[in-house]
Amino acid sequence: MDAYDEDSQAPAGPDGSGDLHAPGDPAGAADPGDPGGPGDSPPAGPVTAAAAPRTGVAALSPRYQIGAAVALAVVAVTACVHLAMVFLSVAPANTVTKQHGKAIEQWVFPEFEQNWKLFAPNPLQQNIAVQVRAELRTKEGGLFTTGWYDLSARDGADIDGNLVPSHTQQNELRRGWDFFVATHGADNRPIGMRGSLSEQYVRRIVVMRLNREDTIHREGVVRRVQVRSSTTNVQPPAWSQEKISDKPVYRVLPWWTVSADEAAGGVR
């Protein structure tokens, strides 16, 4: 008989085909590589990954975690209070320092005393304007006294809105007046050898400013000048209960005689 006759004696499979398994192989046994075979069935019970070890505060017990949180909160609050106390100790006088000044001093002094004048000087609390008037020799030979020229206000107008104001506009008159005040007493008398130099410096500044005025050239020639300062307190904010006078205080200097070269604008 041929091979076809031999195969016909084999039992048929469910679908009518012959059994293709080798002898000795259990009928119906699944291939281990078969995806649907029993070899790929998931193990019984849930699969759990190994838990990662906890570190830091999370590794502590709940009791110690609470203690650590409380300690961190106390440190943060103390640091904020300390920074606020140090700031108020170097800040200009304000409502808080006036009400709690003693407590601030007890906290800061002497261990935490600060002095930031080198890096952040106290802001000015007064507006100081330098003004000048002149005595002119008119073309007819008479004398005429002008009104007050507010030189500081004109510098301010030149600076306002100017993206690149000059050093002269910002500092010349202001620093010149500071130089004069530092070298003169309350009676306007010079102190030391630099007093006369400061007078000469301020006088030349104001004369040069006056020579720029068209009114001066029309009326005559500058013969003498008189300088004064007008000091006005900066008003407190609306929410403050502090009361400060808004009336200007004047410091009037004696008349200074102007030399011919200065009057003609020859000194620059």
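This is a predicted model: local features need pLDDT of at least 70, side-chain atom pairs count only at pLDDT 80 or more; totals for chains, interfaces and linings use all residues.
1. Helix 4 passes helix 5 in a left-handed crossing; a crossing is left-handed if the near helix is turned anticlockwise from the far one by less than a right angle, and right-handed if clockwise. Residues are numbered from 1 along each chain as its sequence is written, and side-chain values use heavy atoms, with hydrogens and water left out.

2. Two packed helices are described by the angle between their axes and the distance between the axes. Helix 4 (residues 151-159) and helix 5 (residues 167-182) have axes 9 Å apart and pack at an angle of about 160°. Helix 4 is therefore roughly antiparallel to helix 5. The axes are lines fitted to C-alpha atoms, for helices over the stretch in contact, and angles run from 0 to 180 degrees between N-to-C directions. Angles under 35 degrees count as roughly parallel, over 145 as roughly antiparallel, 65 to 115 as roughly perpendicular and the rest as oblique.

3. Which residues of helix 4 and helix 5 meet? Leu 151, Ser 152, Asp 155, Asp 158 and Ile 159 in helix 4 meet Gln 169, Gln 170 and Leu 173 in helix 5, where contact means heavy atoms within 4.5 Å. The residues of this contact of helix 4 with helix 5 divide into three nonpolar, three polar and two charged. Here Ala, Val, Leu, Ile, Met, Phe, Trp, Tyr, Cys and Pro count as nonpolar, Asp, Glu, Lys and Arg as charged, and the others, Gly among them, as polar.

4. Helix 5 also packs with helix 6 (residues 194-211): their axes come within 8 Å and cross at roughly 145°. The crossing of helix 5 and helix 6 is left-handed. Residues making the contact include Leu 173, Phe 179 and Phe 180 of helix 5 and Leu 197, Tyr 201 and Ile 205 of helix 6. The contact of helix 5 with helix 6 has seven nonpolar, three polar and four charged residues.

5. Helix 2 (residues 62-90) and helix 3 (residues 95-108) pack at an angle of about 115°, and their axes are 9 Å apart. Helix 2 is therefore roughly perpendicular to helix 3. In the contact of helix 2 with helix 3, eight residues are nonpolar, three are polar and none is charged.

6. Strand 4 (residues 220-233) pairs with strand 1 (residues 126-138) in the antiparallel sense over 13 bridges; two strands pair if DSSP finds at least two bridges between them. Arg 137 has Val 221 in strand 4 as its bridge partner. Strand 4 also runs antiparallel to strand 5 (residues 249-252), with four bridges, and Arg 228 has Val 252 in strand 5 as its partner. Two bridges join strand 4 to strand 6 (residues 256-257), again antiparallel, and Val 225 stands opposite Trp 256 in strand 6.

7. How many salt bridges does a search of the whole structure find? It finds nine, a salt bridge being a side-chain nitrogen of Lys or Arg within 4 Å of a carboxyl oxygen of Asp or Glu. The side chains of Lys 98 and Glu 242 form a salt bridge at 3.2 Å, N to O. Lys 98 lies in helix 3 and Glu 242 in the loop between strand 4 and strand 5, 144 residues apart.
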